[in-house]
Amino acid sequence: MKLIQVDKIRNVAIIAHGGAGKTSLAEAFLFNAGATNRLGKVEEGNTVMDFLPEEVSKHISTSSATASLEWDGHQINVVDTPGYQDFIADSLFALRICDCALLVVSAVSGVQVQTERLWKIARENDLPGMTIINKMDRERANFHKAVEEMRTGLQTNPVPVQLPIGAEASFRGLVDLISMKACIYKTDGSGDFEVQDIPDEMLSEANEQHEKLVESAAEGEDELVEKYLESGELTQEEILRGLRAGALAGDIVPVFCGAVTLNIGAKKLMDGLTSMMPSPADRGALTGTDAEGREVELKPSPGEPFAAFVYKTLADPYAGKLTMFKVLSGTLKADSGFYNASRETKERFGNIFLVQGKKQLPVQEVTAGQVAAVAKLKETKTGDTLVKEGSSIILPPVEIPEPALSYAIVPKSKGDEEKVSAALSRLLEEDPSLKVSRDDETKQNVLSGMGQIHIEVTVDRLKEKFGVEVGMEVPKVPYRETIKGKTQLQSRYKKQSGGRGQYGDIWLDIEPLPGGGDLEFVNKIVGGVVPRQYIPAVEKGIREAMAEGVLAGYSVTDVKVTLFDGSYHSVDSSEMAFKIAASMGFKKGFMDAKPVLLEPIVNLEVSVPDDFMGAVIGDLNSRRGKVVGMDPLGDVQVVKAQVPLSEILTYAPDLRSMTEGRGSFTMGFSHYEEVPAHLAEKIVEDSKKATS
Ligand SMILES: Nc1nc2c(ncn2[C@@H]2O[C@H](COP(=O)(O)OP(=O)(O)OP(=O)(O)O)[C@@H](O)[C@H]2O)c(=O)[nH]1
Ligand SMILES: [Mg+2]
């Protein structure tokens with residue numbers, strides 16, 4: 001592939017609710033660009049983009065995949081993201097490095113839970129977007145309904161640039177509202193079409209929509225408004241220019257249509273990407289921070305100092321690790337090295353690759369705006385900033401939601417513990433939304449992820465990639481402890497046993513922290529009654545007691561502690577003595593201040609066909625769930641509820657059996673709430689038994 005100028009690059013994140021057709025669309029792009037010689041099919045497990053073993057077997061994307069393609073003198077770098085909330089981390093990284101979002105909306109299901117969520121993130125990242133209303137060939141496909149749902153559900157201004165010709169089994173092409181011609185597609189999947197006149201029965205609708213389109217285009221630029229007001233028309237080029245300006249400003253979202261598994265619409269969409277979406281140059285400079293905390297601009301131009309952001313890591317036990325990044329500025333040449341500013345270490349590598357799914361194409365260099373990969377880096381992880389040696393610039397991190405679900409995982413064969421830990425740490429390198437912790441009480445590895453599928457897939461990966469089999473045990477709920485009352489107390493730690501003694505004496509106010517947060521520590525010591533050098537030790541003692549837990553061994557949160565008085569001894573006082581005084585004092589005060597247990601509450605969204613609604617809601621009530629809303633979406637109902645995590649640890653199999661496999665759910669952490677007293681008592685008792 002030739003080197004490409006920055007303004008000819010399009011980095012696009014394909015986003016959608018699960019199953020809307022993102023991977024199928026990416027496959028159509030690959031085929032149309034000549035990167036494959038047949039159209040990959042998700043159900044047949046022969047796609048380029050869903051190449052991980054679990055993706056092939058489950059027919060869903062669990063990881064983002066990138067393809068660098070040539071199209072009409074441009075380089076289009078497509079990042080196909082997973083649609084499930086469980087794999088949101090990859091979508092978040094893709095939306096960070098891409099310059100625009102391509103939203104796939106199913107013409108059958110319309111705007112769905114994840115559509116809304118991902119679109120919101122795209123907008124928060126200021127990404128211009130365009131949409132394809134896909135699956136026009138499926139039963140109950142409805143283009144206009146989907147467009148309307150974009151307007152209402154996404155609070156966006158969709159502007160159709162196409163209209164479908166026919167629908168369901170009779171879908172055969174589209175009206176191009178810019179050229180005002182009909183494109184009738186060949187049925188051989190080649191993606192080619194014949195240009196014809198608009199069918200008579202569609203003329204009036206097409207004219208009406210064309211009018212709206214031209215108006216929207218005119219609003220994109222002052223000059224175009226003037227021309228439009230004078231002449232009532234714009235040329236095709238002017239329409240494109242106006243739409244591009246409107247899209248780049250985030251004022252409009254151009255809407256296309258198609259059926260990507262039939263390769264209908266995909267080529268026009270690629271044209272749309274090149275003509276209406278921004279290049280990295282249009283997006284402009286990014287701001288990073290150097291070691292001195294100064295802001296530094298990273299300009300997307302090849303002559304600038306090299307800087308790149310790692311958005312994806314693939315760990316492969318045989319081929320080694322593949323690190324994918326976007327070059328934000330400068331140029332990177334093969335057989336060179338760079339500095340990882342996030343880990344403060346040099347890294348060397350051999351080849352640079354452009355990737356097409358699992359395929360890697362070596363290139364001599366990559367320049368600003370491109371996405372590329374290198375293999376076998378030692379230290380680099382997803383989210384790191386890579387720079388030229390001598391620089392220290394770091395980009396802001398990508399915020400990933402906290403894991404919602406944990407399982408204790410136990411090796412199936414004894415003696416595999418080390419192997420499991422090693423494999424898990426490799427998986428952590430590629431998946432920043434995964435957490436592994438060691439539970440010292442149970443001596444188990446606890447794996448935390450975004451949801452049931454995320455954890456199951458991770459367990460599959462352990463087996464497929466690293467040959468270790470583990471069992472999953474019922475997860476432990478991360479309860480928290482806090483207080484509802486206030487207390488004031490003195491805590492004195494004093495020991496005198498010959499030689500130098502120990503002396504620390506403090507007065508604390510302990511109270512709830514209404515705004516939340518772990519600890520607000522306030523120092524109100526005046527006159528040096530507790531010398532300044534011991535104050536950090538007081539805070540440390542409190543923090544240690546909080547981490548250990550007071551009531552039932554769960555960490556303490558949302559407290560405010562004010563140190564307002566105390567005394568010291570000129571010989572016997574030490575940091576240690578004050579730390580112990582603080583820790584003891586905090587524990588005692590905590591128990592006097594109406595301690596309570598908090599439990600994690602999750603937002604649950606269950607999609608079920610009407611017939612199963614009653615059963616699902618009844619079941620949620622019995623799990624202490626509060627149903628907060630019900631929305632019809634296509635042929636299913638989405639039940640929104642808030643439920644204590646402890647009640648839905650094994651929801652996936654329960655929902656499956658309750659709905660004959662037709663229900664699905666997403667879940668994400670919402671907040672902590674007080675555990676009802678009768679349940680709290682039992683949790684406290686259990687924790688006492690476990691530690692005695
Ligand atoms: N009939 C029809 N089926 C489609 C179309 N697009 C996708 N599909 C089918 O819908 C299913 C899901 O397609 P994918 O491409 O895997 O969807 P996705 O958005 O990548 O799904 P996730 O990555 O799991 O979120 C597959 O069985 C596809 O064959 C289409 O235009 N028409
Ligand atoms: Mg997919």
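Trainee: Which polar backbone atom is 3.2 Å from an oxygen atom of ligand 1?

Mentor: Think of a polar contact as a pair of N or O atoms within 3.5 Å; within protein, one must be able to donate a hydrogen and the other to accept it, and residues adjacent in sequence count only if both atoms are side-chain atoms. Here, the backbone atom belongs to A20. A backbone polar atom of G83 is 3.0 Å from a ligand 1 oxygen, and a side-chain N or O atom of K135 is 3.3 Å from one. The protein covers 89% of the 650 Å² of accessible area that ligand 1 has on its own (Shrake-Rupley method, 1.4 Å probe; for residues, only the protein chains shown count as cover).

Trainee: Before we go on, what kind of model is this, and how is it numbered?

Mentor: This is a predicted model: local features need pLDDT of at least 70 and side-chain atom pairs count only at pLDDT 80 or more, while totals for chains, interfaces and linings use all residues. Residues are numbered from 1 along each chain as its sequence is written, chains are lettered from A and ligands numbered from 1 in the order written, and side-chain values use heavy atoms, with hydrogens and water left out.

Trainee: Which residues come nearest to ligand 1?

Mentor: A residue is near if one of its heavy atoms lies within 4 Å. Of the 20 residues around ligand 1, the nearest are K22, S24, E43, S61 and D137.

Trainee: Which atoms coordinate the magnesium ion?

Mentor: Donors are N, O and S atoms within 2.8 Å of the metal (3.2 Å for Na, K and Ca); water is not among the atoms, so sites may look incomplete. For ligand 2, the magnesium ion, they are OG1 of T23 and OG of S61, at 1.9 to 2.0 Å. Both T23 and S61 are buried (under 20% relative accessible area; exposed is over 50%, partly exposed in between; 1.4 Å probe, protein chains only).

Trainee: How many salt bridges are there?

Mentor: A salt bridge needs a side-chain nitrogen of Lys or Arg within 4 Å of a carboxyl oxygen of Asp or Glu. The count comes to 38. Among them, K465 pairs with E430, with the closest N and O atoms 3.3 Å apart. K465 is buried at 12% relative accessible area, and E430 is buried at 5%.

Trainee: And E149 with K145: buried or partly exposed?

Mentor: Their side chains meet at 3.4 Å, N to O. E149 is buried at 16%, whereas K145 is partly exposed at 38%.
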